[in-house]
Protein chains: 2
Amino acid sequence: MAVATQSLEALCINSIRFLAVDAVEKAKSGHPGLPMGAAPMAFVLWDRFMRYNPKNPKWFNRDRFVLSAGHGCMLQYALMYLTGYDSVSMDDIKSFRQWGSHAPGHPENFETEGIEVTTGPLGQGICNGVGLAMAEAHLAARFNKPDCTLVDHYTYVILGDGCNMEGVSGEACSLAGHLGLGKLIAFYDDNHISIDGSTDIAFTEDVSKRFEAYGWHVLHVEDGNGDLDAIAAAIEEAKKVTDRPTMIKVTTIIGYGSPNKANTGGIHGAALGTDEVKATRENLDWSYEPFEIPDDALSRFRQAVDRGASYEAEWEEALATYRTKYADEAAEFERLLAGKLPEGWEKALPTYTPEDKKLATRKNSEATLNALAEVLPELLGGSADLTHSNLTELECSGTFQKGGYENRNIHFGVREHGMGAICNGMTMHNPGLLVYCATFLVFTDYMRGAIRLAALSKAGVIYVMTHDSIGLGEDGPTHQPVETLAALRAIPNLYVIRPADGNETSGAYKIAVESRKTPTLMAFSRQGLPNLDGTSIENVAKGAYVLSDSDGTPDLILIGTGSEVHLCVEAAEKLRSEGKKVRVVSMPCWELFEAQSADYKESVLPKAVTKRLAVEAASSFGWCRYYGAEGDMLSVETFGASAPGGLVLEKFGYTVDNVVTKAKALLG
Amino acid sequence: MAVATQSLEALCINSIRFLAVDAVEKAKSGHPGLPMGAAPMAFVLWDRFMRYNPKNPKWFNRDRFVLSAGHGCMLQYALMYLTGYDSVSMDDIKSFRQWGSHAPGHPENFETEGIEVTTGPLGQGICNGVGLAMAEAHLAARFNKPDCTLVDHYTYVILGDGCNMEGVSGEACSLAGHLGLGKLIAFYDDNHISIDGSTDIAFTEDVSKRFEAYGWHVLHVEDGNGDLDAIAAAIEEAKKVTDRPTMIKVTTIIGYGSPNKANTGGIHGAALGTDEVKATRENLDWSYEPFEIPDDALSRFRQAVDRGASYEAEWEEALATYRTKYADEAAEFERLLAGKLPEGWEKALPTYTPEDKKLATRKNSEATLNALAEVLPELLGGSADLTHSNLTELECSGTFQKGGYENRNIHFGVREHGMGAICNGMTMHNPGLLVYCATFLVFTDYMRGAIRLAALSKAGVIYVMTHDSIGLGEDGPTHQPVETLAALRAIPNLYVIRPADGNETSGAYKIAVESRKTPTLMAFSRQGLPNLDGTSIENVAKGAYVLSDSDGTPDLILIGTGSEVHLCVEAAEKLRSEGKKVRVVSMPCWELFEAQSADYKESVLPKAVTKRLAVEAASSFGWCRYYGAEGDMLSVETFGASAPGGLVLEKFGYTVDNVVTKAKALLG
């Protein structure tokens with residue numbers, strides 16, 4: 001080891017190591033190996049390079065730090081405690097992984113201020129990092145002036161072998177290379193160990209060469225355990241290369257310092273045990289008690305507080321200058337930072353009457369997106385190579401590319417999972433960005449890991465999902481969602497909205513734009529749909545509402561969503577003409593309906609009316625709660641089939657006549 | 001173009017092209033671009049190299065062909081029709097993408113005999129190819145003898161830019177490189193166009209270099225449109241390299257031959273239109289009517305029939321010799337090919353009594369897997385780097401690695417999605433292999449694309465998913481499934497089984513092993529669970545059953561699954577001691593219960609008993625169908641939390657006392 005064991009730097013590094021060792025030991029649970037091995041690189045980064053303000057973790061222009069290998073979170077908690085964040089106290093560390101601690105088992109942005117993104121499911125963090133860097137590049141291009149720089153920070157990521165094995169990281173890193181994100185610097189903690197043991201058993205590819213193939217600048221620190229200057233030199237070199245992201249492979253020993261468990265799978269995810277903790281203390285000349293930090297080390301770390309204050313003060317000065325010179329842009333910038341929508345933005349939402357042309361809701365979505373893009377400059381996003389099927393291009397802007405980061409149309413490529421994780425990062429960069437992404441609804445299966453994390457992280461990502469049923473037709477069952485809506489509705493804290501027509505599409509976007517803590521997924525039709533009488537933007541916010549009704553207590557309620565609402569409307573007319581009292585309920589969003597008052601819910605779906613027919617071109621899974629024990633549903637219980645969409649719908653029974661038949665069967 | 005336009009080979013290649021052009025034109029839907037560009041490489045492969053028998057598409061030792069870029073399926077249908085497969089008639093091609101055609105919008109193994117795997121969602125096919133090659137390597141190592149070869153075929157894959165952008169393909173190809181699968185040969189149709197246009201907008205990485213980094217042998221055919229000999233030479237060279245998979249990058253022009261649309265996104269996924277079809281005919285000197293194939297070309301293609309018959313005859317001879325020399329192995333081999341389980345295998349399933357030690361069901365799973373491995377040599381699989389958490393190691397075998405393909409423990413690495421897609425390929429290699437894979441239940445989100453395809457493809461993959469609830473504890477909400485069970489239960493044709501104890505675990509495996517057309521996903525606990533009175537292997541097959549009951553009609557039914565069944569049992573005892581009549585229903589599998597007779601279902605959950613409490617440490621989504629309008633559920637409606645598992649369960653209300661309280665509230 002090149003660092004003398006009792007040098008101040010060694011004390012600092014070992015402070016990180018032993019906080020991790022002791023916290024995991026006390027919890028009898030956790031991952032000490034990564035913090036022990038990655039402590040040197042993390043120390044050099046946080047001590048010599050990274051710009052952050054522990055006393056204001058939300059300072060806008062901070063460098064972003066992401067621990068993609070989130071299981072090693074004691075590394076981050078140790079750094080945060082040591083550098084003076086108030087959000088991680090010593091008590092939190094002592095109660096690592098315990099109920100109520102701000103030091104939970106993986107880094108969670110919603111639990112611990114200063115954690116940028118929620119990581120843990122491997123591969124997500126590096127993709128979030130790509131998103132953070134994209135957000136920085138975009139805002140820098142939009143707001144910086146030749147004489148005044150407001151947006152200028154790095155995104156640093158530590159990732160491990162596990163992250164590098166996950167395909168999602170490859171997707172995002174390929175895109176990062178394409179985009180030339182020069183301010184993204186990733187440290188690959190190359191320790192050759194994953195949970196099952198040596199990476200020799202499953203992962204022998206040349207990671208550096210792969211990143212070179214992606215177009216990254218790749219460096220290698222051969223002794224990541226001791227050569228702090230080499231780590232520092234690599235960071236310096238990384239910063240000099242401004243047109244490509246940098247991957248610094250840092251070769252380390254997992255569990256460094258543990259005489260018997262270092263460099264084994266055994267130290268990856270388990271406490272060392274009393275004896276080995278003792279042996280490690282001896283081996284690293286660490287005479288301190290558990291959770292005791294030498295004063296010198298703490299003082300050194302805590303220099304971050306003053307440093308951070310001065311960074312922020314300097315930036316505040318720049319902002320003051322900017323305000324003077326560029327008042328309009330400054331106002332816009334501050335609006336963005338505050339996450340405030342411009343007044344009256346919602347007036348841009350298109351509205352429709354039944355006389356308006358029949359359109360696929362994906363076309364309504366296109367019109368709405370474009371109308372909003374004019375009044376919401378913070379709206380940006382794109383599709384996973386289905387731009388002209390999803391209809392997500394913003395006409396008012398160009399393509400987000402190297403040299404054109406100010407543009408708002410992002411081409412994600414055929415990389416759904418990476419797209420989702422990138423959008424999480426962009427959305428969590430600051431409260432102002434409104435980020436959308438798009439693919440066919442069925443391919444949410446590919447990005448489900450990222451969608452779940454958006455919901456968990458309270459990141460208001462906007463999902464524009466088209467081709468939302470078997471009605472998509474010829475592409476067949478691999479492309480036709482059936483169970484997809486159910487699977488998405490099951491995710492906590494996610495709005496799933498399936499609009500019936502143009503007004504409901506506008507209503508869906510209103511929710512999506514306003515919901516900054518709950519992501520919104522909109523499901524749009526491929527096929528044309530009539531604009532219905534009685535739909536409105538406001539009604540969507542209620543989740544479900546009475547679209548049309550007979551006088552008095554209905555004999556039957558037809559409940560539809562999306563492309564099946566018009567079938568319900570037409571069937572109701574037929575049934576009424578035969579003297580039946582029929583109510584039609586449009587139900588674009590279950591989650592919003594559940595959030596209404598009991599009275600409102602009863603007013604829409606009265607308990608007394610038990611004859612209910614739900615109509616949705618999808619699985620009935622979960623629907624019983626609305627159609628009830630005496631109700632029925634017109635649903636799709638198998639996979640779909642390849643044929644023209646109209647015919648597929650007809651073959652699966654989605655006709656007015658069949659709705660009428662099923663309704664009559666219910667009425668007896 | 002190096003091929004004279006009227007040479008026999010050109011006629012053959014143009015026959016493929018125009019079948020694709022005309023079929024898409026007639027359907028007014030489909031993807032003509034890929035077949036037009038990839039026809040030369042496909043022709044060379046199918047004409048000069050590939051060993052298959054059109055009249056017996058299931059001939060065991062055939063080379064496997066996978067069109068990973070499944071949207072270009074007219075390429076494969078054209079080849080199958082032209083070479084004489086009975087499963088694709090000219091009428092099927094004329095009704096491409098129409099209801100009932102054997103030429104659906106993407107290749108579907110269950111619709112068209114001779115299609116090996118279902119592709120379309122990009123990236124899956126190449127991973128299936130890796131799985132097919134792994135199956136071949138395994139069976140070759142197991143059965144071939146120095147003097148007699150039974151298993152010896154190549155796996156050929158055509159994949160495009162889209163497949164290469166998807167992370168799932170990177171996962172599987174990295175593993176394929178590690179494993180050194182020399183008989184896997186992939187053609188990368190390098191046409192620089194995806195749906196959104198030029199790959200320059202999002203995909204500029206060096207794909208060849210990336211594959212080299214994975215450890216593949218990489219070749220490049222610069223003129224894939226005309227240089228048939230270069231294509232052939234590359235295949236020859238690929239076959240010579242036996243210790244690495246080969247990727248042949250074949251540079252082509254998408255939509256080759258179309259004077260105005262070739263090399264544009266416009267020809268990727270839309271019909272050419274009448275004028276352009278005409279112009280393409282002129283440009284390629286193609287004077288034939290739509291769907292007309294020149295006799296010379298058809299004769300040339302149909303040579304495949306005799307060739308195929310002789311390949312198969314030759315192999316049958318080898319098999320006859322093998323039978324003579326190695327009678328036992330031959331019997332075993334033929335059993336495998338027939339997909340017959342050995343008699344009495346199920347006697348190996350462990351059974352338990354309440355006196356047996358409390359175990360986590362993942363431990364029961366470990367015991368069952370190992371017991372089965374002894375009697376089912378066709379059982380093989382592994383984990384995505386969680387072997388010692390999932391407990392999936394087969395003690396009776398070694399690790400599946402280069403030089404040890406006969407072994408049955410596969411290390412998939414941290415590659416859940418790739419693992420799922422590889423297992424689909426392995427399972428579809430032949431009816432006999434029983435393939436399992438494992439990770440934490442929550443990470444099924446990462447591999448959902450592949451699970452859905454297993455269900456759609458009728459591939460009986462076995463999923464061993466552990467850590468199945470918030471009870472997993474400290475890892476916290478990123479690792480705790482909540483909505484995961486619901487999302488999986490929503491998938492058609494998938495058994496989701498959550499066993500309560502050892503007997504139910506054995507029952508789950510019995511289903512999993514026997515269900516060759518329906519994949520089975522088992523959800524196992526991290527934490528220890530008692531062995532219950534009344535559980536049995538047979539009861540699992542019913543999906544739900546009465547575990548314990550009071551005399552007479554019950555006042556209340558408690559319905560539990562997995563780790564919550566014992567809570568129901570204990571709560572029932574308490575309630576009975578207070579004079580309540582309580583039935584306990586264990587419900588390990590919804591899908592199996594739904595398949596029972598109406599009478600049986602009524603006998604377990606009588607309509608008359610409306611006071612029902614469901615208890616599952618998961619989302620209530622979908623459960624209303626069982627607990628009904630007057631019932632209730634003890635469920636988890638938010639994400640979980642990081643703390644020791646027992647405490648998390650307690651905090652979320654999973655205690656006997658709370659079950660009793662909720663039950664009493666229902667009883668009023």
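Tutor: Let's begin with a term: a crossing is left-handed if the near helix is turned anticlockwise from the far one by less than a right angle, and right-handed if clockwise. By that rule, α13(A) passes α18(A) in a right-handed crossing. The model is predicted, and local features need pLDDT of at least 70. Residues are numbered from 1 along each chain as its sequence is written.

Student: Why is α13(A) called oblique to α18(A)?

Tutor: The axes of α13 (residues 361–375) and α18 (residues 502–514) of chain A come within 9 Å and cross at roughly 50 degrees. Angles under 35 degrees count as roughly parallel, over 145 as roughly antiparallel, 65 to 115 as roughly perpendicular and the rest as oblique, so α13(A) is oblique to α18(A).

Student: Which residues of α13(A) and α18(A) meet?

Tutor: Among them are T361(A), N364(A) and L372(A) in α13(A), and G502(A), Y509(A) and V513(A) in α18(A); contact means heavy atoms within 4.5 Å.

Student: What makes C624(A) and C624(B) a disulfide?

Tutor: Their sulfur atoms are 2.0 Å apart, and a disulfide is a pair of cysteine sulfur atoms within 2.5 Å. The pair crosses between chains, linking helix α23 (residues 624–627) of chain A with helix α23 (residues 624–627) of chain B.

Student: Why is that disulfide of C624(A) and C624(B) called right-handed?

Tutor: The torsion about its S-S bond is about 80 degrees, so the disulfide is right-handed.

Student: How do you know whether C568(A) is buried or exposed?

Tutor: Buried means under 20% relative accessible area, exposed over 50%, partly exposed in between (1.4 Å probe, protein chains only). C568(A) has 0%, so C568(A) is buried, whereas C396(B), at 35%, is partly exposed.

How values were computed
Chains are lettered from A and ligands numbered from 1 in the order in which they are written. This is a predicted model: local features need pLDDT of at least 70, side-chain atom pairs count only at pLDDT 80 or more; totals for chains, interfaces and linings use all residues. Side-chain values use heavy atoms; hydrogens and water are left out. Axes are lines fitted to C-alpha atoms, for helices over the stretch in contact, and angles run from 0 to 180 degrees between N-to-C directions. Helices (H or I, at least four residues) and strands (E, at least two) are DSSP runs, numbered from the N terminus.
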